[in-house]
Each structure stands twice: as C-alpha cells, then as structure tokens.
Amino acid sequence: MKATEQLIERATRDLVDSKYAIALTGAGISTESGIPDFRGPSGIWTKNPEAERRAYLSYQEFLQDPKRWWEERLAGPSFLGDLEKVMPNAGHYALAELEKLGILKCVITQNVDALHEKAGTKNLLEYHGSVLKLRCASCGLRFSRHEFDLEKLRQEDQLPPRCPKCLGVIKSDGVAFGEPIPSDVAHQSLEEAWKCDLMLICGTSAVVYPFANLPRVARQRGEVTIIEVNAEPTSLTEERISDYLIQGKTGEILPRIVEEAKKIRK
Ligand code: NAD
C-alpha cells in the first residue's frame with residue numbers, strides 16, 4: 001500500500017476514534033476553487049511582493065480616512081478577485097460531510113472566501129472574517145454585505161457606512177494586517193483549541209499569527225493528535241507540532257478520508 005494511502009487510513013481511524021475533532025483551514029484549501037494562496041509557489045505574495053507591502057498599509061489607511069478607504073475598495077476588485085462568485089471544491093464539501101457524520105465538531109478558517117459556509121459547514125469560526133459580511137469597527141456587530149447599498153452610499157457621498165446601532169464606522173469583516181482579531185472569534189477559537197483531542201490542519205503554512213498559535217496551544221496540552229493535510233511540509237511539520245503530514249491536495253485527500261470514515265461507520 002502506498003504511504004499516502006496508509007496515512008489516509010491512519011487519519012480516518014484517528015478521526016473516528018476522537019471525541020472532539022476540529023479542523024483548521026487556510027488559503028491552500030481554496031486554491032482548487034481558483035483562489036490563489038499567499039505563500040505557495042504560485043502565491044500572490046510569492047509573485048508580487050509589492051502587493052504584500054500595500055496590504056500591510058490597508059488598516060492604517062482605513063483608520064486615517066475610512067471614506068477614502070471605502071471609495072478605493074469600491075473602485076475595483078480585491079487582489080483575491082471577485083470572491084462572491086467562487087464555488088467550494090471537494091475539500092470544503094468533505095469537511096462539511098465530516099461534520100454531518102458527527103466526526104468534526106468545528107471548523108476554524110483563516111479564509112475570507114466564505115466557501116466553508118457555502119459548502120454547508122454549520123459550526124464555523126471565520127478567524128479573519130468573511131467577504132459576505134461587514135463589521136462595525138466600534139461595537140463589532142456584523143451585517144450581511146447585502147444589508148448596505150454601498151454603491152448608492154458612494155453615489156450620494158455618504159461613505160463610510162455607519163452602524164445602525166452605535167453609529168460607528170463600518171468596515172468589511174475581513175481582518176486586515178495589523179487589525180486585532182475580533183474578540184468573539186479569538187476567544188471561541190482558543191476555547192476550541194484547548195478542548196479538542198484531534199486537530200486536522202488543512203492548507204495552511206501556519207505562519208500568520210495569532211492563528212498560527214492555535215496548533216501550538218493544542219500541542220501544549222499534550223493529549224491531542226494533530227494531523228496536517230498540505231501540499232508541502234510547513235513550520236508545524238518542521239517543529240513537530242503535527243504528529244504527521246499527509247502530503248497532497250486537500251481536494252483529493254479529504255474526500256478519501258470521508259469515504260474511509262463511511263466504510264468504518266457502516
Ligand atoms: P498560505 O498562502 O501562507 O499557505 C497556504 C499553504 O497551503 C501552503 O503551504 C501551500 O503549499 C498549501 N497549499 C496550496 N494549495 C494546496 C492544496 N490544493 N492542497 C493542500 N495544500 C495546499 O496561506 P495561509 O496559511 O492561509 O495564510 C494566508 C493568510 O491570507 C490567511 O490568514 C488568510 O486569511 C489569507 N488568505 C485567504 C485566502 C482565501 O480566503 N481563500 C486566500 C489567500 C490568503
């Protein structure tokens with residue numbers, strides 16, 4: 001049997017035997033939906049370091065001049081493209097299926113693309129926010145993007161949008177570099193990392209903090225199995241934070257795990 005097949009069987013057994021399994025995901029799980037990652041070989045930052053430099057300035061620009069920030073955002077597509085139209089791939093559906101089977105209790109994603117929500121995952125923490133939502137920068141209340149007619153506000157010179165509850169300035173829910181993680185998802189994610197006895201980490205280089213602390217927090221507790229599914233070894237592999245790496249595409253490996261889990265559950 002090939003090494004990858006053996007690891008898929010091992011991961012399935014570990015998942016089925018776990019009491020509280022959670023998944024952590026990053027940009028890698030969405031590359032098969034056509035969204036580039038940041039630091040993989042074809043990543044946005046890998047190919048265009050200038051785009052990375054600009055992204056680091058965005059939050060300060062929002063704080064200094066939210067009206068201008070909104071005008072610039074509405075003027076063109078984001079560097080990730082038009083994420084509202086993108087569809088989930090087999091990897092997202094596999095995680096939703098593992099939740100339906102009662103195996104996976106929660107998915108914590110760094111992705112802003114809303115593809116886990118579209119694939120049907122229910123217990124979802126969007127650590128860096130979602131393109132489908134807006135968030136009040138003062139009180140933290142979230143809104144569906146469609147609750148605001150941003151184009152109309154632009155035409156009527158009414159930007160930035162204001163929170164109906166506290167009149168604070170509203171920004172997109174996506175967490176910018178340098179912006180604090182909203183406290184609700186930060187706390188809930190930490191709780192999940194403390195609570196889990198299995199962590200399935202899919203498609204992340206695990207170098208963006210504080211998200212990258214979550215596997216390290218879980219490892220400190222000791223009694224946890226940490227599995228990576230990634231195209232290449234990561235810092236978690238090298239530092240032996242993960243117990244093992246299944247090297248390959250999430251869109252191929254995760255559906256295989258679901259298949260095996262269904263066989264065991266029969
Ligand atoms: P990253 O770009 O740093 O790392 C992605 C990892 O996934 C790499 O190790 C890469 O080799 C691997 N990978 C790529 N395609 C894969 C596949 N099909 N199967 C398995 N592995 C694959 O991404 P990150 O760790 O998530 O950090 C980037 C940050 O940027 C995150 O905080 C995230 O918020 C944001 N981001 C989000 C999106 C999105 O929403 N889809 C896209 C790009 C960046």
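Leaving aside neighbours within four places in sequence, which residues is T250 in contact with? The close-ups below start there, in a model that is predicted.

Close-up 1. T250 is found in helix α11, which spans residues 250-265. Once neighbours within four places in sequence are set aside, T250 is in contact with G28, I29, E32, G91, C202, G203, V229 and P255. The relative accessible area of T250 is 3%, and buried means under 20%, so T250 is a buried residue.

**Close-up 2. Helix α5 and what covers it.** Helix α5 covers residues 90-100, and its buried residues are G91, H92, A94, L95, A96, L98 and E99. The cover over these buried residues includes α1 (3-17), β1 (21-25), β2 (104-109), α6 (115-119), β7 (198-202) and α11. Take a look at the ends of the helix too. After α5 comes G102, with a positive phi near 85°.

**Close-up 3. Helix α5 against helix α11.** The axes of these two helices come within 7 Å and cross at roughly 30°. Angles under 35 degrees count as roughly parallel, and α5 and α11 are therefore roughly parallel to each other. Their crossing is left-handed. From α5, the residues that take part are A90, G91, A94, L95, E97 and L98, and they meet T250, G251, L254, P255, V258, A261 and K262 of α11. Sorted by class, the contact of α5 with α11 has eight nonpolar, three polar and two charged residues. T250, the residue of the opening view, is one of those in this contact.

**Close-up 4. Helix α1 against helix α11.** Here the helices pack at an angle of about 55°, and the axes of α1 and α11 are 9 Å apart. That angle makes α1 oblique to α11. The crossing of α1 past α11 is right-handed. On the α1 side, look for E5, I8, E9, A11, T12, R13, L15 and V16; on the α11 side, for I253, R256, I257, E260, A261, I264 and R265. In this contact of α1 with α11, eight residues are nonpolar, one is polar and six are charged.

**Close-up 5. Helix α8 against helix α9.** Helix α8 (residues 183-195) packs on helix α9 (residues 213-221) with axes 8 Å apart and at an angle of about 35°. The crossing of α8 past α9 is right-handed. S189, L190, A193, W194 and K195 of α8 make the contact with L214, V217, A218 and R221 of α9. The classes here are six nonpolar, one polar and two charged residues.

**Close-up 6. S189 inside helix α8.** S189 lies in helix α8 and counts as buried because its relative accessibility is 0%. Where does the side chain of S189 reach? It reaches the backbone oxygen of V185, at 2.7 Å. Not counting residues up to four places away in sequence, S189 touches I108, L125, Y127 and L214.

Close-up 7. G26 is found in the loop between β1 and α2 (44-47). With a relative accessible area of 0%, G26 is buried. Apart from neighbours within four places in sequence, G26 is in contact with Q110, N111, C202, G203 and T204. G26 and A206 are 180 residues apart in sequence, while their C-alpha atoms are 8.1 Å apart in space.

**Close-up 8. Backbone details to look for in the loops.** Most residues other than glycine have a negative phi, and most peptide bonds are trans. The peptide bond joining L159 and P160 is cis, with omega about 0°, and P160 is found in the loop between α7 (150-155) and β6 (170-172). Another cis bond runs from Y209 to P210, with omega near 10°; P210 lies in the loop between β7 and α9.

Two residues other than glycine have a positive phi in this view: A114, near 65°, and R240, about 60°. A114 is found in the loop between β2 and α6 and is buried, with a relative accessible area of 2%. R240 is found in the loop between α10 (235-238) and β9 (244-247), and R240 is exposed, with a relative accessible area of 71%.

Technical notes
Residues numbered from 1 in each chain as written. Predicted model: local features only at pLDDT ≥ 70, side-chain atom pairs only at ≥ 80, totals over all residues. Heavy atoms only, no water. Buried < 20%, exposed > 50% of the residue type's maximum accessible area, 1.4 Å probe, protein only. Helix = DSSP H or I, 4+ residues; strand = E, 2+ residues; numbered from the N terminus. Contact = heavy atoms within 4.5 Å. Axes fitted to C-alpha atoms, helices over the stretch in contact; angles between N-to-C directions. Parallel < 35°, antiparallel > 145°, perpendicular 65-115°, else oblique. Left-handed = near helix turned anticlockwise from the far one by under 90°. Nonpolar A, V, L, I, M, F, W, Y, C, P; charged D, E, K, R; others polar. Polar contact = N/O pair within 3.5 Å; in protein donor to acceptor, adjacent residues only side chain to side chain.
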